[in-house]
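Biologist: Could we go through this chain together, starting from the conventions and then moving to single residues?

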Amino acid sequence: MIARVFHNWERRLAAAAEHRIVRPFEWGLEWIDDLDVSHGDAVERLAAWASRTVANSDAFFALAPCDDYTLDGDRLSFPSAVTTPHPENNIVRARYFPEHSERGRRRAVVVLPQWNADVDGHVGLCRLLNKFGISALRLSLPYHDARMPPELRRADYIVSSNVGRTAQVCRQAVLDARRAIAWLSRQGHESIGILGTSLGSCLAMLTAAHEPLVNTAALNHISPYFADVIWEGLSTIHVREGLNGSIALDALRRIWMPISPFPYLERMRGKKVLLVYARYDLTFPVTLSKMLVNEFRRRGVEHQVAVLPCGHYSTGVTPFKWIDGLIVCRFLSRSL
């Protein structure tokens with residue numbers, strides 16, 4: 001009965017979102033730089049690219065140095081390491097919440113909000129981190145906030161039925177996060193963590209797996225596979241409609257493996273990891289969340305687990321947002 005109540009509530013909260021558009025399916029081959037030029041259909045070419053990319057993920061997520069950071073008040077900006085056709089998206093935007101105690105000058109967390117978070121999303125969480133003696137840098141994901149081109153009402157270009165673009169823009173988000181972490185290190189922060197929610201959780205794990213400066217990761221709503229969340233999740237029904245009839249889940253899972261947490265679990269050894277999922281989640285289905293937890297456990301990769309007594313959307317509603325916020329902040333305070 002409790003599950004039914006939460007599931008109905010989740011569907012009502014999800015239905016309140018506006019401007020969802022079913023966009024046409026596209027392979028997006030022009031977004032992938034090193035596709036095999038040999039003949040073959042798009043699935044074969046993209047799957048071969050994905051296999052090579054996972055095997056050499058350090059190159060895929062390699063980061064060129066950057067010295068062009070601008071801090072204006074609490075607003076940080078710098079050029080993205082990935083250049084897209086949209087100039088607005090090529091400048092990374094972040095908001096800095098320094099905590100001025102000795103602990104705050106030493107410890108910092110990069111915060112990656114959920115898909116389609118507005119400019120104030122997770123600001124309260126950053127201020128809560130300050131209360132725990134931790135500085136915070138809240139990063140706007142690609143195609144969000146000021147990075148959104150005028151033709152968009154939602155951040156469709158980071159998650160969509162354009163297969164190649166989704167992979168490239170999620171890579172862009174990881175490189176943006178790594179440049180943000182480099183800036184925090186330059187400010188004197190010695191112990192750096194990362195906190196991601198929903199889509200931000202996936203991107204946070206990819207970042208932590210490839211960024212040596214990150215020693216702690218709080219992953220809020222989790223799945224081992226990027227494709228399966230899109231295929232099964234409540235929030236991405238309109239994306240699934242654009243994919244239907246053009247690609248199968250198995251093929252999509254293989255192609256999006258470079259932006260999925262699963263291949264990088266071994267790279268999380270030696271880091272402190274919190275895995276959070278919601279018991280009544282329809283957006284990141286619980287079976288997928290448990291699959292990732294079980295894989296961490298099976299491999300003996302150190303981690304902690306927290307289960308929220310709510311769903312995905314209801315995590316952002318009182319009292320659940322406070323429960324979630326306190327769980328992740330306490331973990332980060334203990335671990336950094």
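Modeller: A residue is called buried under 20% relative accessible area, exposed over 50% and partly exposed in between, with a 1.4 Å probe and protein chains only. The model is predicted, and local features need pLDDT of at least 70, side-chain atom pairs count only at pLDDT 80 or more, and totals for chains, interfaces and linings use all residues. Residues are numbered from 1 along each chain as its sequence is written, and side-chain values use heavy atoms, with hydrogens and water left out.

Biologist: Is Asp145 buried, partly exposed or exposed?

Modeller: Asp145 sits in the loop between E5 and H6, and its phi is positive, at about 55°, although the residue is not a glycine. Its relative accessibility is 22%, so Asp145 counts as partly exposed.

Biologist: Is Tyr143 buried or exposed?

Modeller: Tyr143 is found in the loop between strand E5 (135–139) and helix H6 (163–186), and with phi near 65° it takes a positive value in a residue other than glycine. Because its relative accessibility is 0%, Tyr143 counts as buried.

Biologist: How many helices and strands does the chain have, and how does its radius of gyration compare with the globule rule?

Modeller: Helices (H or I, at least four residues) and strands (E, at least two) are DSSP runs numbered from the N terminus. There are 12 helices and nine strands in the chain. The chain is as compact as a globular protein of its length, because the globule rule gives 20 Å for 336 residues and the value found is close to that, at 19 Å. This radius is taken over C-alpha atoms, and the rule is 2.2 Å times the number of residues to the power 0.38, while the C-alpha atoms fill a box, along the principal axes, of roughly 60 × 55 × 45 Å.

Biologist: Among contacts between residues at least 6 apart in sequence, what percentage joins residues at least 24 apart?

Modeller: A contact means heavy atoms within 4.5 Å. Buried residues make up 59% of the 336 residues. Of the contacts between residues at least 6 apart, the share that joins residues at least 24 apart is 76%.

Biologist: How far apart do the centres of the positive and negative side chains lie?

Modeller: Lys and Arg count as positive and Asp and Glu as negative, while His and the chain ends are not counted, and each charge is placed at NZ of Lys, CZ of Arg, CG of Asp or CD of Glu. The chain has 40 positive and 34 negative side chains, and the centres of these two sets are separated by 7 Å.

Biologist: Which residue joins the side chain of Asp58 in a polar contact?

Modeller: Asp58 belongs to helix H3 (residues 57–60), and at 46% relative accessibility it counts as partly exposed. Beyond its neighbours within four places in sequence, Asp58 is in contact with His210 and Arg267. A polar contact is a pair of N or O atoms within 3.5 Å, where within protein one must be able to donate a hydrogen and the other to accept it, and residues adjacent in sequence count only if both atoms are side-chain atoms. At 2.6 Å, such a contact joins the side chain of Asp58 to that of Arg267.

Biologist: At what distance does a polar contact join the side chains of His221 and Thr315?

Modeller: His221 lies in the loop between E7 and H8, and its 2% relative accessibility means that His221 counts as buried. Not counting residues up to four places away, it touches, among others, Ser198, Phe284, Leu308 and His312. The side chains of His221 and Asp281 are joined by a polar contact of 3.5 Å, and for His221 and Thr315 the distance is 3.4 Å.
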